[in-house]
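Take a moment with the model below.

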Amino acid sequence: MQSDLIEAIYDAPLAARPWAELTGRLRHALDCSGTMLKFARTHARDGRTRFVFDAGWDARESWRLYDSVYRHLDPTCHRPMTVGAVYDFDQMIPPASDRQGERYLHFCRSIGAVHALFAFLGEYRGVGAWLSLSRDDTRGPFSDREMATLIALLPHLGRAADIHARLEAERNAATSHAAALAALGVGVILLDGAGAIVGTNRLADALLDLGTAIARSRDRLKVRGSSAGALRRSLAGAGE
């Protein structure tokens with residue numbers, strides 16, 4: 001079972017819907033009522049947070065309630081946690097907790113999250129990642145063996161979160177570059193050292209599609225007219 005889970009963990013950041021399938025796999029493998037992964041920018045002012053969750057019941061209403069009212073009471077938002085450690089409710093919300101902690105605990109119990117485990121997967125490229133698992137009274141508390149299984153999976157989950165952060169950074173950079181190119185008032189064509197086209201903006205695409213002086217031939221520029229030789233020499237010189 002663990003080898004299958006490890007394979008699913010490394011597939012998770014590469015999936016069309018990253019992490020969505022893994023939350024279900026973890027829920028079934030550890031016999032949970034619900035699983036949730038949280039990704040949040042740790043030092044950004046916008047506080048953007050992404051949640052991926054899976055539950056054994058129709059969780060739409062409880063999720064809306066969590067997202068609108070209780071998410072900021074979630075102890076993973078403010079309690080220091082060590083990478084590689086697993087915490088339960090008593091550690092995250094001590095019995096003699098403040099009113100906000102008791103309020104959050106009451107909400108969790110009202111949706112069947114009577115027992116829970118929490119883990120901080122680490123911070124990667126400014127994005128923190130957390131995992132929460134919950135169970136109802138029917139399933140009972142997590143056993144030592146199940147906690148050991150989760151602890152063994154944490155390094156893999158952390159590495160997968162790192163892969164996810166790297167992929168997101170590359171996607172965001174590509175989006176930013178595309179937006180910057182689109183905002184320019186001139187046609188821009190980006191070439192790599194071998195002369196292959198690696199990027200264009202909308203105006204350049206329109207000019208290439210016309211195919212008058214310069215056209216596109218697959219991933220290469222095709223130069224026409226009397227200035228073709230000079231432009232080819234210029235492009236060749238830029239690649240040296």
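**A pair of helices**

Helix H1 covers residues 2–11, and helix H2 covers residues 20–29. Their axes come within 10 Å and cross at roughly 160°. Angles over 145 degrees count as roughly antiparallel, so H1 is roughly antiparallel to H2. The crossing of H1 and H2 is left-handed. Keep in mind that this is a predicted model.

Which residues of H1 and H2 meet? From H1 come Asp4, Leu5, Ala8 and Ile9. From H2 come Leu22, Arg25, Leu26 and Ala29. Sort the residues of this contact by type: six are nonpolar, two are charged and none is polar. An α-helix has 3.6 residues a turn, so residues three or four places apart point the same way.

Now stay with H2. Its buried residues are Ala20, Leu22, Thr23, Gly24, Leu26 and Arg27. Leu22 and Leu26 are buried, and both also meet H1. After H2 comes Asp31. The phi of Asp31 is positive, near 55°.

Step back to the whole protein chain. How many helices and strands does the protein chain have? There are eight helices and nine strands. The chain has 240 residues, and 37% of them count as buried.

Finally, consider contacts between residues at least 6 apart in sequence. Of these, 53% join residues at least 24 apart.

Note on methods. Residues are numbered from 1 along each chain as its sequence is written. This is a predicted model: local features need pLDDT of at least 70, side-chain atom pairs count only at pLDDT 80 or more; totals for chains, interfaces and linings use all residues. Side-chain values use heavy atoms; hydrogens and water are left out. Helices (H or I, at least four residues) and strands (E, at least two) are DSSP runs, numbered from the N terminus. Buried means under 20% relative accessible area, exposed over 50%, partly exposed in between (1.4 Å probe, protein chains only). Contact means heavy atoms within 4.5 Å. Axes are lines fitted to C-alpha atoms, for helices over the stretch in contact, and angles run from 0 to 180 degrees between N-to-C directions. Angles under 35 degrees count as roughly parallel, over 145 as roughly antiparallel, 65 to 115 as roughly perpendicular and the rest as oblique. A crossing is left-handed if the near helix is turned anticlockwise from the far one by less than a right angle, and right-handed if clockwise. Ala, Val, Leu, Ile, Met, Phe, Trp, Tyr, Cys and Pro count as nonpolar, Asp, Glu, Lys and Arg as charged, and the others, Gly among them, as polar.
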